[in-house]
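Reader: Please take me through one part of this protein closely. Start there, then show me how the rest is packed. Keep it brisk.

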Amino acid sequence: MVWDAWLSSFTVVGVLLALALTRIAPDAILLAAMSLLLVTGVLSPDEALAGFANPGVMTIAALYVVAAGLKETGAVTWIAGVLLGQPSTLHRAQWRMMAPASVLSAFMNNTTVVAMFIPAIQEWARKLGLSPSKLLLPLSYIAILGGTCTLIGTSTNLVVDGLLQSELGLSLGMFDLAVVGIPVLVLGGLYLMLAANKVLPKRQGVIEQLDAVREYSVEFLVAADGPLAGKTIAGAGLRHLQHGYLADIQREGRLMTGVPPETVLCGGDVLVFIGAPECARELRRVRGLEPANGNIRKLGVAHQQRCLVEAVIGPDFAGIGQTVRASRMRTRFQAVILSISRQGERLPGKLGDIRLQVGDTLLMETGQEFVAQYRYRKDFLLVSALNDSAPPEFRKAPLAIAVLLGVVVLAGIAALSILEAALLGAGGMLLTRCISVGKARRYLDLSVLIVIASSFALGGAMTQSGAAQAVAALLVNDHMTPWLALAAVYLLTNLFTEVITNNAAAVLMFPIAVSIAETLGVSPMPFAVAIMFAASASFITPLGYQTNLMVLGPGGYRLTDYLRLGLPLSLLVGAMSVGLIPLFWPF
């Protein structure tokens, strides 16, 4: 290989290691790699930026807006409410959940589907007396499988189709993948119905553990003529209590949540402390504080000004690796952390000393505006209010569903390309006011779009420098059968998608797969389709796919739960995919 091939190879290896082993944001890593290839002359500006003009990337952006319209109008919740019903057994409950989730995931972003289903299923499970742990991980897996049935079901399908168009002049239709996707979905669904009840333990999520994790609250009054009036919280010695902490201040009928330590206390303030029952005894020794009502009580959920929020920490959260105290949650988010759950268990010890990790589920007390403000941010993968009673605008749900059906029909009969239909659908959501322009802009996940577009530069460098051909020569030889080569491509893509993003895995494997097909003298199409299925089939770890991470806390899962339920599913899906793909896309 010449120097640019070596540089391209080292860049790809560096990207893989950085994505797998560091906490650097994926979009920053991919942009840095693209910039390196551009500055060193491996790629021209047009080649380096080609991904930002790829039709697949623009289609994904447009479909974000379509999915946002469905979410904001409550169309998904409405459909789920109609179809979930009141089943009498766990198997019927799983069937009633998996059928609508898989169908919806075939036509919209599965992350949106899972985010909308989680609170509905939690409430549903409580009413039916079922454990949410038996339902939420199957929900994530079936949403992933449903997305493989159509071209718009996952962003990975659109990315690979965009590469086929730009590199080979080929493309797939809306329902071409269904010939493999539907059998895979049926097999996976049957496996989940048979295995989930036996493999997954009966556990409670963070909401079901509410009484245990909230502990107790006690209210104390700041004496008007006492020594604490006029002092800050920190100055009054109320910042580092042994058995509790200050959560709220009630002042003149107004509830102040997430109060920072520099807040000045006023005479007549009612201070709400949360902690162990010993907290009250500790506070009675503080001069200037008087018991507000003389009793300790459980902290209730239904407070007219109090909002309890469940949030799952995402990879872009700024405080990862820091203690709760160092993360400055009160200052950054005006929120008080009441409890932290990790891998299905509440973390013991003093909250302020716990170091935050990706996937931690936080139970927080916030202002009413927190959910609306941070559900669009990437700090948290899932934000849901436990006592949120504001319903979506269901009146426009039929309009949103009609827009989605229009996109599917127009693209399905090839009256318009996928990109054109998606752009028309996004415009329809805005024109019918199913979603405002401001909200649509916030729903666009720019970090994902940048990762995908920047990944194209790596794929282009691998192809043009000859590095992809060199890697293909190492993986296969003239005597290897195409079927065995297809299995190797599937396995390698599947391994990559478990440790890096699924879209990056697909883009990096595409030029290698095309070179393998050229080496063997066969069609590249079965290899491209194999990449689509392998990059989506992430079932073994919670970090491999966003929906897996979203259900980690709400379902009370541990890492071993993903391995026990996901590994056999991954093997089943892989075997069926590799077996069926050549039957419909011959070598």
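**An enclosed helix and its surroundings**

Author: Helix α19 is largely enclosed by the rest of the structure, because 14 of its 19 residues are buried. Buried means under 20% relative accessible area; exposed means over 50%, and partly exposed is in between (1.4 Å probe, protein chains only). Helices (H or I, at least four residues) and strands (E, at least two) are DSSP runs, numbered from the N terminus.

The model is predicted, so local features need pLDDT of at least 70, side-chain atom pairs count only at pLDDT 80 or more, and totals for chains, interfaces and linings use all residues. Residues are numbered from 1 along each chain as its sequence is written, and side-chain values use heavy atoms, with hydrogens and water left out.

Back to the helix. α19 covers residues 446–464. At 1.5 Å a residue, its 19 residues should span 27 Å, and the end C-alpha atoms are 27 Å apart, which agrees. The expected span is 1.5 Å times one less than the number of residues. After α19 comes Gly466, with a positive phi near 90°.

What packs against this helix? Helix α2 (residues 26–39) does: the axes of α2 and α19 come within 8 Å and cross at roughly 35°. Axes are lines fitted to C-alpha atoms, for helices over the stretch in contact; angles run from 0 to 180 degrees between N-to-C directions. The crossing of α2 past α19 is left-handed. A crossing is left-handed if the near helix is turned anticlockwise from the far one by less than a right angle, and right-handed if clockwise. On the α2 side, the contact is made by Pro26, Asp27, Leu30, Leu31, Ala33, Met34 and Leu37. On the α19 side it is made by Ser447, Ile450, Val451, Ser454, Ser455, Ala457, Leu458 and Ala461. Contact means heavy atoms within 4.5 Å.

Now the wider setting. The protein comes to 25 helices and 10 strands. Of its 587 residues, 56% are buried. Among contacts with a separation of 6 or more, 79% join residues 24 or more positions apart.

Next, the nonpolar interior. A nonpolar core is a set of buried Ala, Val, Leu, Ile, Met, Phe, Trp, Tyr and Cys residues joined through side-chain atoms within 4.5 Å. The largest such core holds 151 residues, and Leu70, Leu139, Ile516 and Phe527 touch the most other members. Helix α22 (residues 502–520) gives this core its largest share, 13 residues. Ile516 touches Ala472, Leu475, Val476, Ala485, Val489 and Phe527, not counting residues up to four places away in sequence. Another core lies apart, with 25 residues, among them Ile320, Ala335, Met364 and Phe370.

Val66, Gly69 and Leu70 in α4 meet Ala400, Ile401 and Leu404 in α16. The axes of α4 (residues 55–72) and α16 (residues 397–412) come within 8 Å and cross at roughly 155°. That makes the two helices roughly antiparallel. Angles under 35 degrees count as roughly parallel, over 145 as roughly antiparallel, 65 to 115 as roughly perpendicular and the rest as oblique. The α4 and α16 crossing is left-handed.

A further pair is α10 (residues 178–199) and α25 (residues 559–584), which pack at about 160° with axes 10 Å apart. These two are therefore roughly antiparallel to each other. Their crossing is right-handed. Residues that meet here include Val184 and Leu187 of α10, and Leu569 and Val573 of α25.

Val573 lies in α25 and is buried, with a relative accessible area of 4%. Beyond its neighbours within four places in sequence, Val573 is in contact with Leu145, Val184, Tyr490, Ala537 and Phe539. Val573 and Phe533 are 40 residues apart in sequence and 8.6 Å apart in space, C-alpha to C-alpha.

Leu130 sits between α7 (110–128) and α8 (136–147). Leu130 is partly exposed, at 22% relative accessible area. Leaving aside neighbours within four places in sequence, it is in contact with Leu90, Ala93, Ala125 and Leu135. Arg433 is in the loop between α17 (418–431) and α18 (437–443). At 64% relative accessibility, Arg433 counts as exposed. Most residues other than glycine have a negative phi. Arg433 is not a glycine, yet its phi is positive, about 60°.
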